[in-house]
Amino acid sequence: MSEESPLQKILEAGTYAIPKLSKVRRIVKENAKQHGELPCEVDLGAAFRFHNIFICPVTKEPATSANPPQLLTCGHVISRVALTRMARSERQRFKCHICPAQMAKDEVKEIKLQY
């Protein structure tokens, strides 16, 4: 993984992609049948390709479709198995494994990854 700042990578990707996305936007406007999905892929090159593997910091296991990552209200991410271990019921409050934030299981959101 690059030692560059993540913000720098985002800015570079945006600078590279904006002209292409502007063209795609015009195409989508002209063709009102397509909604919610770009009609083409915007290739940003090898420098902007990253893996979509998530390793849970609690269980140390990779995320799978059966054990997807979960976004806590504080912004930290854990696996569904770790969430189940930390929160026994939907309404029982539990503490984040990293920071002092407390939340209930029903406040946590699932992160969708392509496996």
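**View 1. Contacts of Val108 in the predicted model.** Val108 touches Gln70, Leu71, Leu72, Leu83, Phe94 and Met103, leaving aside residues up to four places away in sequence; a contact means heavy atoms within 4.5 Å. This is a predicted model, in which local features need pLDDT of at least 70 and side-chain atom pairs count only at pLDDT 80 or more, while totals for chains, interfaces and linings use all residues. Residues are numbered from 1 along each chain as its sequence is written, and side-chain values use heavy atoms, without hydrogens and water.

**View 2. The largest nonpolar core.** This core has 13 residues, and Val108 is among those with the most contacts inside it, together with Leu72, Ile78, Leu83, Phe94 and Met103. A nonpolar core is a set of buried Ala, Val, Leu, Ile, Met, Phe, Trp, Tyr and Cys residues joined through side-chain atoms within 4.5 Å. Buried means under 20% relative accessible area, exposed over 50%, and partly exposed in between (1.4 Å probe, protein chains only).

**View 3. The salt bridge between Glu110 and Arg80.** The closest N and O atoms of this pair are 2.6 Å apart; a salt bridge is a side-chain nitrogen of Lys or Arg within 4 Å of a carboxyl oxygen of Asp or Glu. Glu110 counts as partly exposed at 35% relative accessibility, and Arg80 likewise counts as partly exposed at 33%.

**View 4. The salt bridge between Glu110 and Lys112.** The side chains of Glu110 and Lys112 meet at 3.2 Å, N to O. Salt bridges that share partners join Arg80, Glu110 and Lys112 into one network. Lys112 counts as exposed, at 69% relative accessibility.
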